[in-house]
Amino acid sequence: MRILSVGIATLDIINTVAAYPSEDEELRALEHRVARGGNATNTLVVLSQLGHACSWAGTIADEPDSRYILDDLTRYGIDLSHLVHHASSKVPTSYVVLSRENASRSIVHYRDLPEYSAKDFNAVNPVEFDWIHFEGRNPTETLQMLQRVKEGFPQVGCSLEVEKPRDGIDALLALPDVLFFSKVFAESRGHADAASLLMAMRECNPRALLFCAWGDEGAWMLKADGGMQHQPAVQPAELVDTLGAGDVFNAGVIDGLLRENSYGQVLMQAVRLAGIKCGQVGFGINTGAL
């Protein structure tokens, strides 16, 4: 299937430490690596390995650090023809501290790059895709993109990741076919569990399929008919790296829906993929393990 993801790519500078440092502490990193990151592109890399034709719509800075990002995406066969280049900007950079003690990650993010806009999206022909996935960022512009897709091309599947509590994000919720909510977003709305968040969000979009992953407690799904389903987490033999596990979960859901699997199979596969990711570094997925 043909999939477009609209969002960002980052340069991730990752330092693994024995345990997260306290304030004003100096410590030596156990490992250091540089990687391509960003929610939209992480999801695409997994979907490409699952056999889909994937394209990225986003912005990129014309500076040396972008080469690492573009080379990595090319290696996974991601189409880059919908990129918008900016000559006087910097690649978004995430400085990640990864704790070996519990595989948690803390991120300091620097961004000096214009967001992908609705005007940029006008160059995309949605009918060329079977599915379009949006990051829930830059809500004013993303709303216009979603409206263009759902009003003009209702046959194209559409999903939205709602990771952070951004101003204006609620205006987007009524449009997509699938909504992905994060634990961070749920807690920002005062919810202590995924199920209560999904029930509260149901009124925003009664027809959508809703998902919320909750770390080592697994993930929940709420169907349009009101049926709630929970899938326990799949724990890897060793917890190595949780960075991007939510993006992998999203890819598993999109893949399962496009294959027209049962909802239970969709949720199970997505959780299993996220578990595989937590037991390894990077996004190279052994599809034979599914």
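The dialogue below concerns helix packing, cavities and a pocket in a predicted model.

Q: How are two packed helices described?
A: Two packed helices are described by the angle between their axes and by the distance between those axes. In this structure, helix 7 (residues 245-258) packs against helix 8 (residues 263-278) at an angle of about 150°, and their axes lie 8 Å apart.

Q: Why is helix 7 called roughly antiparallel to helix 8?
A: An angle over 145 degrees counts as roughly antiparallel, and therefore the angle between these axes makes helix 7 roughly antiparallel to helix 8. The crossing of helix 7 past helix 8 is right-handed.

Q: Which residues of helix 7 and helix 8 meet?
A: On the helix 7 side they are Ala245, Val248, Phe249, Gly252, Val253, Asp255, Gly256 and Leu257, and on the helix 8 side Tyr263, Val266, Leu267, Gln269, Ala270, Val271, Leu273, Ala274, Lys277 and Cys278. Sorted by class, the residues of this contact of helix 7 with helix 8 are 13 nonpolar, three polar and two charged.

Q: At what angle does helix 1 pack with helix 7, and how far apart are their axes?
A: Helix 1 (residues 39-49) and helix 7 pack at about 50°, with their axes 8 Å apart. That angle makes helix 1 oblique to helix 7, and helix 1 passes helix 7 in a right-handed crossing. From helix 1, the contact draws on Asn39, Asn42, Thr43, Val46 and Leu47, while helix 7 provides Asp247, Val248, Asn250, Ala251, Ile254 and Asp255. The contact of helix 1 with helix 7 has five nonpolar, four polar and two charged residues.

Q: Which classes of residue line the two cavities?
A: The lining of the largest cavity has five nonpolar, four polar and four charged residues. The second largest cavity, with a volume of about 40 Å³, is lined by Asn39, Glu135, Gly136, Arg137, Glu161, Glu163, Lys164 and Arg166. By class, the lining of the second largest cavity has no nonpolar residues, two polar ones and six charged ones.

Q: What volume does the second largest pocket have?
A: A pocket, unlike a cavity, is open, and the second largest pocket has a volume of about 160 Å³. Of the 14 residues in its lining, those closest to its centre are Arg33, Ala35, Arg36, Gly282 and Phe283. Strand 2 (10-17), strand 3 (31-37) and helix 2 (66-75) are the elements that give two or more residues to the lining of this pocket. By class, that lining of the second largest pocket has seven nonpolar, one polar and six charged residues.

Technical notes. Residues numbered from 1 in each chain as written. Predicted model: local features only at pLDDT ≥ 70, side-chain atom pairs only at ≥ 80, totals over all residues. Heavy atoms only, no water. Axes fitted to C-alpha atoms, helices over the stretch in contact; angles between N-to-C directions. Helix = DSSP H or I, 4+ residues; strand = E, 2+ residues; numbered from the N terminus. Parallel < 35°, antiparallel > 145°, perpendicular 65-115°, else oblique. Left-handed = near helix turned anticlockwise from the far one by under 90°. Contact = heavy atoms within 4.5 Å. Nonpolar A, V, L, I, M, F, W, Y, C, P; charged D, E, K, R; others polar. 1 Å grid on protein atoms, 1.4 Å probe; cavity = no way out; pocket = protein on both sides within 12 Å on 5 of 7 lines; lining within 4 Å. Points joined across faces, edges and corners; volume = space filled by probe spheres on them.
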